[in-house]
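My entries follow the order in which I looked things up.

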Amino acid sequence: MSQCPICEKHEKKKDVLFENENWVITHGPLGSQLLGYVYLEPKRHVENWSDFSETELVELGPLIKKIELSLKELIHLDRLYSVTISEAVRHIHFHLIPRGNTTFVRGIPLIEQATQQKALNENEIEQVELETFKEKFKSTLLL
Ligand SMILES: [Zn+2]
């Protein structure tokens, strides 16, 4: 579908951390200031839960588990938030938001920090650090 930023992103195959036949995992933006904040998106343009295929749904749970296990290898993960709103961008997508065990911000403010890039400490994480993290994350996702 044209005009869908997620479908467009998938066409460009940019910044993909992991993909299989049905799903794509990419990292969130630097503006969120959260290492390990990822998007899990179906490759197909799916707007409603009832439009998912059985296969897509069967793969969903294990992928979230894989993301959590990979994050645990890389950061001191206390909670992994899973949020899907898909309002502004209707292509269903999951925000998987890690909260480390030393993170002061939690709950809704952390979800806002991630999804609306409202970081309290704006420049704590630099681009180069994010890129290094993404490479490590990519390799743990393949295990
Ligand atoms: Zn789409």
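The entries below concern a predicted model.

**Entry 1**

I began with strand S3, which covers residues 38–42. I asked how many of its five residues are buried. I found that four of the five are, so S3 is largely enclosed by the rest of the structure.

I then looked up the pairing of S3. Strand S2, residues 23–27, is joined to S3 by five bridges, and the two run antiparallel. For one contact I noted the partners: His27 is bridged to Val38 in S3.

S3 is also joined to strand S5, residues 94–100, by three bridges, again in an antiparallel arrangement. Here I recorded that Leu40 has Phe94 in S5 as its bridge partner.

**Entry 1. Backbone angles**

I next turned to phi. Most residues other than glycine have a negative phi. Asp15 sits in the loop between helix H1 (5–12) and strand S1 (16–19).

Is Asp15 buried, exposed or partly exposed? I found 15 C-beta neighbours inside 10 Å, so Asp15 counts as partly exposed. Gln117 has 15 such neighbours inside 10 Å and therefore counts as partly exposed. The cut-offs behind this are 20 or more for buried and 12 or fewer for exposed.

Note on methods: Residues are numbered from 1 along each chain as its sequence is written. This is a predicted model: local features need pLDDT of at least 70, side-chain atom pairs count only at pLDDT 80 or more; totals for chains, interfaces and linings use all residues. Two strands pair if DSSP finds at least two bridges between them.
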